[in-house]
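Trainee: I'd like to learn how to read a protein model, one feature at a time. Can we go through one together?

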Amino acid sequence: MKKWSNAILSDEEIDLLNRFVKQYTTIAELSDSAPGIVTGANNKFILTKEEVDQYECTQYVKPIISKGVMAKNKFEVNHALISELASAGKKIYLLDLAGTKPDELPISLKNYLSIVATTKRNGVEIQKSYKCSKRKPWYGVPIVKSGRVIFFKRYDLCPRISTNPAEIFTTDIAYNLQLYEEIDPESLVFCFYNSLTLAQCEFVGRYYAGGVSELTPNEFKAISVPYSQIENSDIEQVKKMFDDNKALDEIIAFVNSRTLEKDLTAEEITKLNTIRTKLIRRRK
């Protein structure tokens, strides 16, 4: 636990938070999770739709989310979002060239990679950088498994988690969750947005300048969620609330009504909201 968190909260508040956390299931008990893809040079290995067309490499790319803001306020990451981002000119297509030989590639793509190879960052050519130099070929970014749920490890106002039914790839800005067989991805994302889970994220996370907070892999795996199978009508309601940009507190209150209110009193939930608010203010 972080010293600054302990200093902000009273002993009673810390005891309350720890007691409730123990009542519920941790992320580690619901899924395996791992960081996304490390490219070594996102702005070179991830292309816009225009660049994909220019380098004639449609068959060599995969859709990818490379920045958390791309999926902000999205309950679900899907191909419709990718199309929207592509139309907006965002870098959304990852070059998937592992196992390919230079003579197999289109001339326009080979020319592009030649330029990238000798481009210097911090005085070092990209092809000779630490990560790229260990690859064969140097531009063959290793593709790691995606997940049916993704959690963006850095956040501002609130931690962000989304379903990923198409299992679209992410860079290492997110943790990819491979859920255990009986776990429903939509129910997990729904249940995550409750007062206790969000307060715990604030308590264990580390914060940076500008009010940004981050959870390490181990911190994230230890987060507790009041998980249960949620009615489809309730899930659709929360999806609509996200789509309509409803206030976060309104979404949390609705999720609480289907999760925490089964076990905790209104007074206890109010205390959890107070804890979360205190910790968020400390980041600002």
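Trainee: Let me start with a helix. Which exposed residues does the face of α6 turned away from its buried side carry?

Mentor: Ala80 and Ser87 are the exposed residues on that face. Before we go on, keep in mind that this is a predicted model. Now the general idea: an α-helix has 3.6 residues a turn, so residues three or four places apart point the same way.

Trainee: And which residues of α6 are buried?

Mentor: Leu81, Ile82, Leu85 and Ala86 are the buried ones in α6. Look down the helix axis and they fall within an arc of 135 degrees, so they line one face of α6.

Trainee: What covers those buried residues of α6?

Mentor: The cover includes α5 (49-54), along with β4 and β5. You can see how α6 is placed, too: the helix, residues 79-87, lies across β4 (61-65) and β5, and runs at about 95 degrees to β4.

Trainee: What should I look for at the two ends of α6?

Mentor: At the start, check Asn78: one of its side-chain oxygens reaches to within 3.2 Å of the backbone nitrogen of Ala80. Just after the helix, Gly89 takes a positive phi of about 80 degrees.

Trainee: You mentioned β4 and β5. How do I read a sheet?

Mentor: Strands of a sheet pair through backbone hydrogen bonds, either parallel or antiparallel. Here, four strands make an open sheet with mixed pairing, in the order β3-β5-β4-β11. The edge strands, β3 (46-47) and β11 (169-170), each pair on one side only.

Trainee: How many bridges join β3 to β5?

Mentor: Two bridges, and these strands run antiparallel; β5 covers residues 93-95. To find one of the pairings yourself, go to Leu47, whose bridge partner in β5 is Tyr93.

Trainee: What about β12, is it mostly covered or mostly open?

Mentor: Mostly covered: β12 spans residues 174-179, and five of its six residues are buried.

Trainee: Which residues of α12 are buried?

Mentor: Asp234, Ile235, Val238, Lys239, Met241 and Phe242. Down the axis of α12, the buried residues fall within an arc of 160 degrees, so again they line one face. They pack against α9 (185-192) and α13 (248-258). On the face turned away from the buried side you'll find the exposed residues Ser233 and Asp243. Just after α12, Asn245 has a positive phi of about 55 degrees.

Trainee: Now the backbone. Where do I find Glu56, and what is its phi?

Mentor: Glu56 is in the loop between α5 and β4. Its phi is near 50 degrees, a positive value in a residue other than glycine. Glu56 is exposed, with a relative accessible area of 52%. Asn73 is another residue to look up: its phi is near 60 degrees, and its place is in the loop between β4 and α6. Asn73 is partly exposed, at 38% relative accessible area.

Trainee: Last one: is the peptide bond from Lys136 to Pro137 cis or trans?

Mentor: Read the omega angle: here omega is near -5 degrees, and the bond is cis. Pro137 sits in the loop between α8 (130-133) and β8.

Methods. Residues are numbered from 1 along each chain as its sequence is written. This is a predicted model: local features need pLDDT of at least 70, side-chain atom pairs count only at pLDDT 80 or more; totals for chains, interfaces and linings use all residues. Side-chain values use heavy atoms; hydrogens and water are left out. Two strands pair if DSSP finds at least two bridges between them. Contact means heavy atoms within 4.5 Å. Axes are lines fitted to C-alpha atoms, for helices over the stretch in contact, and angles run from 0 to 180 degrees between N-to-C directions. Buried means under 20% relative accessible area, exposed over 50%, partly exposed in between (1.4 Å probe, protein chains only). The arc is that of the directions from the helix axis to the C-beta atoms. A polar contact is a pair of N or O atoms within 3.5 Å; within protein, one must be able to donate a hydrogen and the other to accept it, and residues adjacent in sequence count only if both atoms are side-chain atoms.
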